[in-house]
Amino acid sequence: MSYETITVEQRDAVTLITLNRPKALNALNSKVLEELIDAFAVYQADDSQLCAVLTGSGDKAFAAGADIKEMSEKDAADFYLEDFFAPWTSEIVKKTRKPWIAAVNGFALGGGCELAMMSDFIIASENAKFGQPEVKLGVAPGMGGSQRLTKAVGKSKAMEMCLTGRMMDAEEAERSNLVARVVPHDTLLDEAMKTAAQIASMPPMAAIANKEMVNAAFETGLDQGLIIERRIFQILAASEDKKEGMAAFVEKREGKWKGR
Ligand code: CAA
């Protein structure tokens with residue numbers, strides 16, 4: 001399928017999805033959402049694809065937020081009746097069980113910051129800037145920012161950012177655990193693709209299982225999370241890739257994965 005607002009490319013086992021509205025700083029409108037839902041569904045369904053990277057086109061922005069021009073046309077009834085921001089979580093986050101990385105190359109503001117935080121982890125360029133400036137527009141985060149940012153950086157910083165709209169630079173974002181790693185701007189895509197290729201070389205079922213376990217830490221309490229961890233570990237112990245992985249270690253060779 002060809003898209004208007006994103007591009008999608010398969011490089012070996014890694015799917016690269018690029019937000020492609022550089023003139024609007026990759027603002028997220030309904031078309032972007034529709035196309036991202038499709039691209040993530042294709043990635044999820046394709047057994048040859050084992051990790052994905054999402055980035056922004058152009059040098060300035062990952063995404064400067066939900067499209068303000070589109071939102072300015074809508075009233076409360078439109079937002080409520082359309083359940084406007086719901087599909088970002090229900091269609092992208094919940095249905096993408098395979099790993100994906102956000103490679104943040106510039107502004108990640110409002111919905112852009114929220115989209116990056118929906119990924120499994122963020123790799124940021126030195127130029128990245130994160131923020132939830134919705135308060136300045138008379139609104140508030142709508143795609144999970146008040147929840148995911150608070151879980152990532154803690155109450156004080158999240159509250160300060162939401163109340164003042166100030167941006168956090170890449171260095172502060174790394175220090176605050178919002179991002180996994182900061183890399184020089186020119187190497188961002190290479191670093192993200194290299195990391196994705198490394199993930200894609202792992203036993204695929206174990207990768208999905210690791211993702212599910214870590215997410216359980218965010219979504220449940222400790223007792224329940226520990227049970228989820230043990231049960232998933234026990235399921236993995238029955239997989240062919242577990243036998244192969246341990247045999248390969250003992251025989252000092254690379255594992256050959258079946259994905260089950
Ligand atoms: N929606 C629509 N268009 C946007 C946009 C957005 N979120 N952000 C930038 N653009 C457009 C601008 O309107 C401009 O288009 P025109 O050339 O047609 O005027 C183009 O992108 C370039 O932007 P600027 O000229 O403003 O670029 P700049 O370098 O001077 O400033 C910026 C960059 C600081 C990121 C500034 O563009 C900005 O503040 N953008 C809005 C950020 C924002 O408020 N995001 C939150 C949106 S609300 C939201 O996301 C709700 C939610 O929680 C889901």
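Q: Leaving aside its neighbours within four places in sequence, which residues is Val53 in contact with?
A: This is a predicted model, in which local features need pLDDT of at least 70, side-chain atom pairs count only at pLDDT 80 or more, and totals for chains, interfaces and linings use all residues. Residues are numbered from 1 along each chain as its sequence is written. Two residues are in contact if their C-beta atoms, placed from the backbone, lie within 7 Å. With neighbours within four places in sequence left aside, Val53 is in contact with Val14, Leu16, Trp100, Ile101, Ala103, Ala192, Met193 and Ala196.

Q: Which residues have the most contacts inside the largest nonpolar core?
A: A nonpolar core is a set of buried Ala, Val, Leu, Ile, Met, Phe, Trp, Tyr and Cys residues joined through C-beta atoms within 7 Å. A residue is buried if 20 or more other C-beta atoms lie within 10 Å of its own, exposed if 12 or fewer, and partly exposed in between, with C-beta atoms placed from the backbone. The largest nonpolar core has 63 residues, and those with the most contacts inside it are Val53 and Ala108.

Q: How many of the five residues of strand β7 are buried?
A: Strands (E, at least two residues) and helices (H or I, at least four) are DSSP runs, numbered from the N terminus. Strand β7 covers residues 121–125 and is largely enclosed by the rest of the structure, because the number of its residues that are buried is four.

Q: Which residue in β10 stands opposite Ala124?
A: Two strands pair if DSSP finds at least two bridges between them. β7 pairs in the parallel sense with strand β5 (residues 100–104) over four bridges, and Ile101 stands opposite Phe121 in β7. β7 also pairs in the parallel sense with strand β10 (residues 181–183), over three bridges. In β10, the residue opposite Ala124 is Val182.

Q: Is Asn26 buried or exposed?
A: Asn26 is in the loop between β2 and α1 (30–45), and has a positive phi of about 55° although it is not a glycine. Leaving aside neighbours within four places in sequence, its contacts include Leu19, Gly56, Phe62 and Ala64. Asn26 has 30 C-beta neighbours inside 10 Å and therefore counts as buried.

Q: How many C-beta neighbours does Asp12 have inside 10 Å?
A: Asp12 is in the loop between β1 (6–11) and β2 (14–19). Asp12 is not a glycine, yet has a positive phi of about 50°. Asp12 counts as partly exposed because its C-beta neighbours inside 10 Å number 14.

Q: Which residues come nearest to the ligand?
A: A residue is near a molecule if its C-beta atom, placed from the backbone, lies within 6 Å of it. α2 (68–72), β6 (107–109) and α5 (111–118) each supply at least two residues of the shell around the ligand. Of the 22 residues around the ligand, those that come nearest are Ala27, Ala64, Gly65, Gly110 and Gly111.

Q: How far apart do the C-alpha centres of domain 1 and domain 2 lie?
A: Domain bounds come from an automatic or database domain assignment. That assignment gives domain 1 (6–200) and domain 2 (204–250). The contact takes seven residues from domain 1 and five residues from domain 2. The distance between the C-alpha centres of domain 1 and domain 2 is 26 Å.
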